[in-house]
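Let's take a walk through this structure together.

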Amino acid sequence: MHNGKVTLRQKIAPQAGLAGSVAAAVVVSSIFLGSSNLSHFDWALLPYALATIFSAAALTYRCAVWLQRPPTKRYWQQGWRLFWQGGVIHNSLYLTRLVIDNFAAQRFIARRSRQRWLMHLCLSWGSLLAFAVTFPLVFGWVHFETSAADLHTYQLFVFGVKLQEFSVDSVQALLFFNALNLSAVLVLVGIALALHRRLTEPEALALQQFSQDLLPLLLLFAVAVTGLGLTLNARWLHGQGFGFLALTHAAAVSALLLYLPFGKLFHIFQRPAHLGVGLYKQAAQAGPPAQCVRCHQAFASQMQVEDLKRVLSELEFDYRCNGPVLHYQHVCPPCRRKLLALNQGKNFPGVGVWGSGAGSTDDSGLLVSNAGPRPLTPDPQVEG
Amino acid sequence: MEFFIDPSRCIGCQGCVHACAECDSHRGISMIHLDFVDRSSSPQTTPTVCMHCIDPTCARVCPADAIKQTADGIVQSALQPRCIGCSNCVLACPFGVPRYIPKIDQMMKCDMCYDRTAVGLKPMCATVCPSGALYYGPREAIEKNRRAHPINTFTFGRQVVKTKVNFMAGSTVEELEIDVANFMEGAGEQERREDT
């Protein structure tokens, strides 16, 4: 089985490596194209650009490896098949509703707790806003110039094309120039709520790990604080030590970008699989159910049971059975639990009554059975 | 310290079910299963906790990479940011352990009270079990005091599954082969009717 895993990985790795390289090449090309052959590229932002190129390559590599895993690949294929087969307009509307519910409003988190919901909204929307502002600036896709005629008028260029002019005193300028400050405040509120939960909730305290749960918060905190610090420094400290602060901010952002493909934040890229699963569940509900071969109750959709049999085989598990059962996937989960007890009874040697009498307790507190086993079904003679 | 399960000792008191819900890692939701084996003909119940397979099928069939195994062999509950609620794990686990929780659209399962066992305490269920059906302690104690002996190898069809959690079986059994064909529901009643 382990040999099988190595083979699968060996098969996947070169394709994923190629996909990662292509992603890096696309980002580099988009920088060249968007900044008119680097003429609008802000060289002060070079560390951000380099970290972004590496992050894009690593993210694509990991996504490619992930999508090639048998269960993921099956959902991916089935998701697309169901999307095209089930009526594109109907499915598009359904997916739009899911996107609004699960990605924009994130209501599924509200069902866990209101505080977690608010925390996640602040963190995700704050970070998204920051990325939406910084990536186009870093890539040179967007840049600003002062109007030659009026120093109080700014010109906005997108992909080297002048899009509009606005006064530096306008509300629009205020929003443009403070978008990153707003995102930093949102992120800081989210971090405060997350830390409160992680310091007080028993569940979080029991299971949290530094690298998975605290490190991303620490990185986001470093980015938000150093970012806000740049504004505060320019406004109230007349730029004293601005260079050092800018370097610290660049280091913090680069660390966050490098952490993206490897840690907890990779869920941002995995979560859209929820959309495919939504379609799958919808089709599964409409399709024929699978019946347990033992108790004859419907317990899942036939489609999912058949898909699982295929996936299990691809993963080199062999749950095929002899006789009428054919495959252990045809037994429902409650029957699987009961079968464990039934087979225990079958394999006890001798006859007798299970646990008859109270038994006695030994030094270690164990109840010592003073009787042999009995079959789980009652003795017909006793009953009759 | 190891976990030993002996369904034949279960008295159906539900103590484990309520204690499980007190566990800090999934407070308020009980993860242990307590099933009647054949309610129409016997009061026998059976508790099921996660067996913590050495090569966990649930984790391998997860499309979202949400089920992780810690270095000490504990198969953790689904990671909340990743689990997409597809129920692959629920249907693939040969022991019928993971639960799909519709309210949060996620899977949850027994993690052997990781907050407790990681620091040397017993899992909640084993702490309260009055009959020793769920026992957490040294292997020597159970080998000395029980007639049944612990095994951790199971066969489901052609698949051999090894687990971290031990299961008490007859003294001659080294590997528990799960037989389905001889335990079809309703088959016993049919035979009894034919006898009378």
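A word on conventions first. This is a predicted model, in which local features need pLDDT of at least 70 and side-chain atom pairs count only at pLDDT 80 or more, while totals for chains, interfaces and linings use all residues. Residues are numbered from 1 along each chain as its sequence is written, chains are lettered from A and ligands numbered from 1 in the order in which they are written, and side-chain values use heavy atoms, with hydrogens and water left out.

Chain A has 384 residues, of which 42% count as buried (buried means under 20% relative accessible area, exposed over 50%, partly exposed in between, with a 1.4 Å probe and protein chains only). Its secondary structure comes to 15 helices and 7 strands (DSSP runs numbered from the N terminus: helices are H or I with at least four residues, strands are E with at least two). Take the contacts in chain A between residues at least 6 apart in sequence: 54% of them join residues at least 24 apart (contact means heavy atoms within 4.5 Å).

Trp76(A), Trp80(A), Trp84(A) and Val88(A) make a nonpolar patch of about 470 Å². Patches are made of residues with over 30% relative accessible area and no salt bridge, where like charges are joined within 9 Å and nonpolar side chains (Val, Leu, Ile, Met, Phe, Trp, Tyr) within 5 Å; a salt bridge is a side-chain nitrogen of Lys or Arg within 4 Å of a carboxyl oxygen of Asp or Glu. Helix α3 of chain A, residues 70-85, gives the largest share of the patch, 3 residues. Trp80(A) lies in this helix and counts as partly exposed because its relative accessibility is 41%.

Next, find the open sheet of 3 strands in chain A, with the order β1-β2-β3 and antiparallel pairing (two strands pair if DSSP finds at least two bridges between them). Its edge strands are β1 (142-146) and β3 (161-167), each pairing on one side only. Neighbouring strands here are turned by 25° against each other on average, direction ignored. Strand β2 (residues 153-158) and β3(A) pair over 6 bridges, and Gln155(A) stands opposite Glu165(A). Helix α7 of chain A (residues 171-200) lies across β2 and β3, running at about 115° to β3(A); axes are lines fitted to C-alpha atoms, for helices over the stretch in contact, and angles run from 0 to 180 degrees between N-to-C directions.

Chain B holds an open sheet of 5 strands in the order β6-β1-β8-β7-β9, with mixed pairing. β6 (134-137) and β9 (176-178) of chain B each have a single partner strand, so one side of each is left without a neighbour in the sheet. Strand β1 of chain B (residues 2-5) pairs with β6(B) in the antiparallel sense over 4 bridges, with Ile5(B) opposite Leu134(B). Helix α14 of chain A (residues 333-347) lies across β7, β8 and β9 of chain B.

Note on methods: Areas by Shrake-Rupley, 256 points an atom, 1.4 Å probe, with all protein chains shown as cover.
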